[in-house]
Amino acid sequence: MSASISYGTTNIAYSVEYRDRKTLAIEVHPDSSVLVVAPINTTDEKIQSKVEKRASWIAKQQRFFSGKPDIAQVKEWVSGENMYYLGRQYRLKVVLGKPDVKLKGKYLLVSVPNKKNRRQIETLVNAWYLQHARIKFEERIKRFDHILRQEGLQMNSLIIRKLEKRWGSCTPKGNIVINSDLIKAPIHCVDYVIVHELCHLKFHHHGPEFWNLLNKYCPDWVGLKERLENFGI
Ligand SMILES: [Zn+2]
């Protein structure tokens with residue numbers, strides 16, 4: 001038998017095998033297929049409710065097998081979801097309380113007056129990311145001040161916002177735009193994007209002079225770029 005349940009905006013399909021056993025088990029296979037091994041005579045409703053209860057776990061296993069961290073995955077804003085901050089993985093934990101977000105151990109702890117208000121959770125977490133992106137990116141840019149001095153360059157302002165399909169850009173007026181999602185990536189990848197964009201203050205293209213300059217200030221950029229690509233966007 002096969003069936004499916006919906007989990008937020010995704011659909012989890014599963015097949016069922018009945019065996020002579022006492023307990024029900026759920027397996028997620030490396031091809032992301034889901035198999036429910038159930039005792040003979042288990043009702044469809046019971047199986048479905050078990051799958052629903054384990055949906056967050058199943059989705060997590062499927063992401064694991066897909067081989068990519070899930071910073072770009074659609075979030076459901078429920079406890080148990082993976083969240084990334086500076087390349088480290090945290091679990092989202094939603095608790096009751098006054099609106100607040102903080103890191104605590106392995107958790108990104110969000111308190112809200114109503115745990116079912118997913119929109120508020122999303123808004124709070126995104127504001128938290130943005131606030132930390134601003135602090136971190138400014139701090140990292142200061143570390144590369146010597147590039148501006150040595151190359152006689154000037155940066156206008158730092159703009160942080162969601163960008164589609166890119167990590168950063170440099171405008172002709174000397175503004176550097178960084179994707180707010182970059183705060184989820186490892187700090188060395190953050191540095192690579194920053195140095196890349198600072199180099200664009202001198203060369204607004206990807207010609208050989210640009211790559212020479214980037215190699216000078218970020219010699220291991222190839223590996224960092226690859227690492228960043230593995231993070232998805
Ligand atoms: Zn570029």
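**A buried histidine and its surroundings**

Modeller: His200 is buried, because its relative accessible area is 8%, under the 20% limit. Keep in mind that this is a predicted model.

His200 is also a zinc donor, through NE2. His196 and His206 are the other protein donors, again through NE2. The donors lie 2.0 Å from the ion. Along the sequence, their spacing reads H-x3-H-x5-H.

Now the helices. H5 spans residues 187–200, and H6 spans residues 208–217. Their axes come within 9 Å and cross at roughly 135 degrees. The crossing of H5 and H6 is right-handed. On the H5 side, the contact uses Tyr192, Val195, His196, Cys199 and His200. H6 contributes Phe210, Trp211, Leu213, Leu214 and Tyr217.

Next, the sheets. One is open, with four strands in the order S5-S6-S8-S7 and mixed pairing. Its edges are S5 (82–85) and S7 (100–104). Each edge strand has a single partner, so one side of each lacks a neighbour in the sheet. Neighbouring strands are turned by 35 degrees against each other on average, direction ignored. S5 pairs with S6 (residues 88–96) in the antiparallel sense, over four bridges. Within that pairing, Asn82 has Arg91 of S6 as its bridge partner. Helix H3 (residues 118–143) packs on this sheet and touches S5, S6, S7 and S8 (107–112). The direction of H3 makes about 130 degrees with that of S8.

Another open sheet of four strands runs S1-S2-S4-S3, with mixed pairing. S1 (2–7) and S3 (25–28) stand at its edges. Each has a single partner strand, so one side of each is left open in the sheet. The twist averages 30 degrees from one strand to the next. S1 and S2 (residues 10–19) are antiparallel, over six bridges. Ala3 stands opposite Tyr14 in S2. Helix H1 (residues 44–53) lies across S1, S2, S3 and S4 (34–39), at about 130 degrees to S2. Helix H2 (residues 55–66) packs on the sheet too, touching S1, S2, S3 and S4. The direction of H2 makes about 25 degrees with that of S3.

Terms used. Residues numbered from 1 in each chain as written. Predicted model: local features only at pLDDT ≥ 70, side-chain atom pairs only at ≥ 80, totals over all residues. Heavy atoms only, no water. Pairing = 2+ DSSP bridges. Helix = DSSP H or I, 4+ residues; strand = E, 2+ residues; numbered from the N terminus. Axes fitted to C-alpha atoms, helices over the stretch in contact; angles between N-to-C directions. Contact = heavy atoms within 4.5 Å. Donors = N, O, S within 2.8 Å, 3.2 Å for Na, K, Ca; no water. Buried < 20%, exposed > 50% of the residue type's maximum accessible area, 1.4 Å probe, protein only. Left-handed = near helix turned anticlockwise from the far one by under 90°.
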